[in-house]
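Here is a short report on one protein chain. Please look over the sequence and the structure first.

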Amino acid sequence: MNRNKEIWEGWTVGDFIDELNITFGSAMWMFNSKQDVKEWVISEQPYYKKNIPEVTKYFIDKYEKSIQNR
């Protein structure tokens, strides 16, 4: 993954990931599927409300790892 890839007006993949990581842990209880994670990511991204595949994949992977460890 290229965290430096610019997505929108200077915001990079890494910027979106860093921003969403702040609240992801406390939002995990809401997720029952990968689709739930994807919808949350899109709705919580600042400024840009479209799917960014790299960002979505990062959080889906993180979600899947957390449910494997339960």
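## Tyr47 and its backbone

Tyr47 sits in the loop between H2 and H3. The model is a predicted one. Tyr47 has a positive phi of about 70°, yet is not a glycine. Most residues other than glycine have a negative phi. The side chain is not hidden either: with a relative accessibility of 58%, Tyr47 counts as exposed.

Glu9 makes a second case. Its phi is positive as well, about 40°, and Glu9 is not a glycine. Glu9 belongs to the loop between E1 and strand E2 (11-12). Its relative accessibility of 64% makes Glu9 exposed.

## Overall layout

The protein has three helices and two strands. Along the sequence the pattern reads β-β-α-α-α. The C-alpha atoms fill a box of roughly 40 × 20 × 20 Å along the principal axes.

Of the 70 residues, 34% count as buried. The exposed surface comes to about 4,600 Å², and carbon and sulfur atoms supply 48% of it. Take the contacts between residues at least 6 apart in sequence: 49% of them join residues at least 24 apart.

## Helix H3

Helix H3 covers residues 53-68, 16 residues in total. From first C-alpha to last, H3 reaches 22 Å, close to the 22 Å expected at 1.5 Å a residue. Which residues of H3 are buried? They are Val55, Thr56, Phe59, Ile60 and Tyr63. These residues lie on the same side of H3, because they cover an arc of only 125° around the axis. The other side of H3 holds Pro53, Lys57, Lys65 and Gln68, which are exposed.

The buried residues of H3 pack against helix H1 (13-27) and helix H2 (34-44). Thr56 gives a closer look at one residue of H3. Its relative accessibility is 5%, which is under the 20% cut-off, so Thr56 counts as buried. Leaving out residues up to four places away in sequence, Thr56 touches Lys38, Val41 and Asn51.

## Helix H2

H2 has its own buried set: Val37, Trp40, Val41 and Ile42. What covers these buried residues includes H1 and H3. Thr56 itself lies in helix H3.

## Aromatic pairs

How many aromatic pairs are there? The count comes to 11. One of them joins Trp8 and Tyr47, and this pair is stacked. The ring centres lie 5.5 Å apart, with 20° between the planes. Trp8 lies in strand E1 (residues 6-8) and Tyr47 in the loop between H2 and H3, so the pair ties together parts that are 39 residues apart in sequence. Trp8 is partly exposed, at 28% relative accessible area. Tyr47, at 58% relative accessibility, is exposed.

Trp40 and Phe59 form an edge-to-face pair. Here the distance is 6.3 Å centre to centre, and the angle between the planes is 70°. Trp40 belongs to helix H2 and Phe59 to helix H3, so this pair ties together parts that are 19 residues apart in sequence. Are Trp40 and Phe59 buried or exposed? Both are buried.

## The aromatic cluster

Phe24, Phe31, Trp40, Tyr58, Phe59 and Tyr63 form one aromatic cluster. Trp40 is one of the buried residues of H2. Phe59 and Tyr63 are among the buried residues of H3. Those two sit on the same side of H3.

Note on methods: Residues numbered from 1 in each chain as written. Predicted model: local features only at pLDDT ≥ 70, side-chain atom pairs only at ≥ 80, totals over all residues. Heavy atoms only, no water. Helix = DSSP H or I, 4+ residues; strand = E, 2+ residues; numbered from the N terminus. Expected span 1.5 Å × (residues − 1). Buried < 20%, exposed > 50% of the residue type's maximum accessible area, 1.4 Å probe, protein only. Arc of directions from axis to C-beta. Contact = heavy atoms within 4.5 Å. Phe/Tyr/Trp six-rings, centres within 6.5 Å; stacked < 30°, edge-to-face > 60°. Areas by Shrake-Rupley, 256 points an atom, 1.4 Å probe, with all protein chains shown as cover.
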